[in-house]
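Here is a briefing on the protein shown below. It covers sheets, a central strand, a loop residue, pockets and cavities.

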Amino acid sequence: MASPQYVAAIDQGTTSTRFMVFDRAGRIISMAQKEHGQIFPQPGWVEHDAMEIWRNTCELMGQGLEQAGISGGQLAALGVSNQRETVVLWDRATGDPLHNAVVWQCTRTRDMCEQLIADGGQDRFRAATGLPVATYFSGPKIAWLLDNVAGLRAAAESGKVLAGTIDSWLVWKLTGGPQGGAHVTDVTNASRTLLMDLATLAWDESILSLLNIPATILPRIVPSSDASIWGHTLESGADGPLGAKVPVCGALGDQQAALVGQACFDKGEAKNTYGTGCFLLLNTGNTPTPSWHGLITTVAYQLGNEPPTYCLEGSIAVAGSLVQWLRDNLELIRDAAQVETLARSVEDNGGVYVVPAFSGLFAPHWRSDARGVIAGLTRYATKAHLARAALEACAFQTRDIVEAMAKDSGVRLSALKVDGGMVVNDLLMQFQADILDTAVIRPKVTETTALGAAYAAGLAVDYWTDLNDLRRNWEQDRTFISAMDPDSRETLYDGWNKAVARTLHWVE
């Protein structure tokens, strides 16, 4: 059998799953990708079919190996990155999901969250968890499923149910499922449940009791990169498409994975990922930094037995999915890549602003009563202005986060590393630099989410020796420098803030 030469990663995102193989220099050897269905049972509710995601993952692993021209035996390790806060409950004995996965964007827990806020305030759990009470997080979703799916609570209390975020679901399936699969979650995903104590890295018993969630259904919390290895992939069968026992030993929530993939290992380094949503993370070192300006405090990563590294995060619900909305709902473009061409056909936004509060506003506002608006329309406006306004919305939302981070941390960013599917859009990247008045740096490898998961797994088996190996792998593609005058910058941002104000109090 050939000696391990590569590391692989599963990047399970909100709209698609990817399987990627990397070499020691962090270069992409192969990439296979497939979208999965988006299920909308009623307005504001979002679900995924967890078995569809698993079937896609298995299919992609086979495709990725074939594309790379390698065997599973040449993989030193397998890592997982995942859409965070999305929860699955499944049968311990059969491995069958007991309900569709409830997606991070879903607002079905709004009434529950509003009751929690009424009883103790939006920040009642912030000291322990670093998070406000919001529909975004996993714990209330688990409680909702236990309370609303017939027979599920009784099954959970009798030990028949397992629960977790998508990382838990995939690792359990990858390592054998009902035949001894590892039921674990890494600290980054656990920190997004509203159930984990940031200081102890353990489930908070008082919050579990309040939400009536049995601790027995929850996974064991483990480091992001774990030399103890949680399990190995199967050597054969439909659930073993790698055809080899590959160690599964690295996992990170997708945005923390991108932070690792961008090699933001020093305090004060930041990255922004432009995917379905938009997520800006600032490394704050080994001490949690509380936020008083609408951000969240979360775990960035934990490598083995080392102390965890923490970060401040600004989470934006809608970024790339706004372009999908232009394509699928309004049919203004045929494919996502066309949005830049259309937006470039006009010199500015024509006074038009799009605030995509489709499921409320996340950081720094945390307003579940908000809904999307298109503001500033005149007869002059065209679909090109709408396309440009949609791209600019991503950059304006990012500035909201950067302003809040400066207030919380006292640090004004000197540069922002960027990644994700939208960063190929030069118009967006230039406007981001303009509206921030900050250098925006795009790396050569923009698939940093999968790369970060690969790094976590590779470090666990000494494929990479230390963080310096990963720093050396990072290469710059292009830096965008602000070319906008201060008056124009502030006039545009004032218009954005007026548009945001129009979204509030929409849902009574």
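**Briefing: sheets, pockets and cavities**

Six strands form an open sheet in the order β3-β2-β1-β5-β14-β13, with mixed pairing. Its edge strands are β3 (28–35) and β13 (231–232), and each pairs on one side only. The model is predicted: local features need pLDDT of at least 70 and side-chain atom pairs pLDDT 80 or more, while totals for chains, interfaces and linings use all residues. Residues are numbered from 1 along each chain as its sequence is written, and side-chain values use heavy atoms, without hydrogens and water.

**Terms for strands and helices**

- Helices (H or I, at least four residues) and strands (E, at least two) are DSSP runs, numbered from the N terminus.
- Two strands pair if DSSP finds at least two bridges between them.

- β1 (residues 6–12) and β2 (residues 16–22) are antiparallel partners, joined over six bridges.
- Q12 stands opposite T17 in β2.
- Helix α6 (residues 166–174) lies across β1, β5 (75–82), β13 and β14 (247–253). α6 runs at about 150° to β5. Such angles run from 0 to 180 degrees between N-to-C directions, with axes fitted to C-alpha atoms, for helices over the stretch in contact.

**Seven-stranded sheet**

- A second open sheet has seven strands in the order β17-β18-β16-β15-β21-β22-β23, again with mixed pairing.
- β17 (296–301) and β23 (476–480) stand at the edges with a single partner strand each, so one side of each has no neighbour in the sheet.
- Neighbouring strands here are turned by 30° against each other on average, direction ignored.
- Helix α9 (residues 254–261) packs on this sheet and touches β15 (270–274), β16 (278–285), β17 and β21 (415–419). Contact means heavy atoms within 4.5 Å. The direction of α9 makes about 55° with that of β17.
- β22 (residues 439–443) pairs with β23 in the antiparallel sense over four bridges. P443 stands opposite Q476 in β23.

**Strand β15**

- Five of the five residues of β15 are buried. Buried means under 20% relative accessible area, exposed over 50%, and partly exposed in between (1.4 Å probe, protein chains only).
- In a regular strand, side chains alternate between the two faces of the sheet.
- A270, N272 and Y274 point one way from β15, while K271 and T273 point the other way.
- β15 pairs with β16 in the antiparallel sense over five bridges. These two strands form a hairpin with three residues between them.
- β15 runs parallel to β21, joined by three bridges.

**Loop residue T135**

- T135 lies in the loop between α3 (126–129) and α4 (138–148).
- Why does T135 count as buried? Because its relative accessibility is 9%.
- Leaving out residues up to four places away in sequence, T135 touches W104, C106, T107, T109, R110, C113 and K141.

**Pockets**

- On a 1 Å grid over the protein atoms alone, a pocket is an open set of points with protein on both sides within 12 Å along at least five of seven lines; a cavity is a set where a 1.4 Å probe fits but cannot get out; lining residues have an atom within 4 Å of a point.
- Points are joined across faces, edges and corners, and a volume is the space filled by probe spheres set on them.
- The largest pocket has a volume of about 970 Å³. Of its 40 lining residues, R18, Y274, G275, T276 and G421 are closest to the centre.
- α10 gives the largest share of that lining, five residues.
- The second largest pocket holds about 670 Å³. Of its 22 lining residues, F40, V46, Q105, S321 and F358 are closest to the centre.

**Cavities**

- There are three cavities of 30 Å³ or more.
- The largest cavity has about 80 Å³ of space. Its lining includes I316, F362, D400 and W496.
- α12 (383–409) and α16 (486–502) each supply at least two residues of that lining.
- The second largest cavity has about 70 Å³ of space. Its lining includes S138, I142, T165 and W203.
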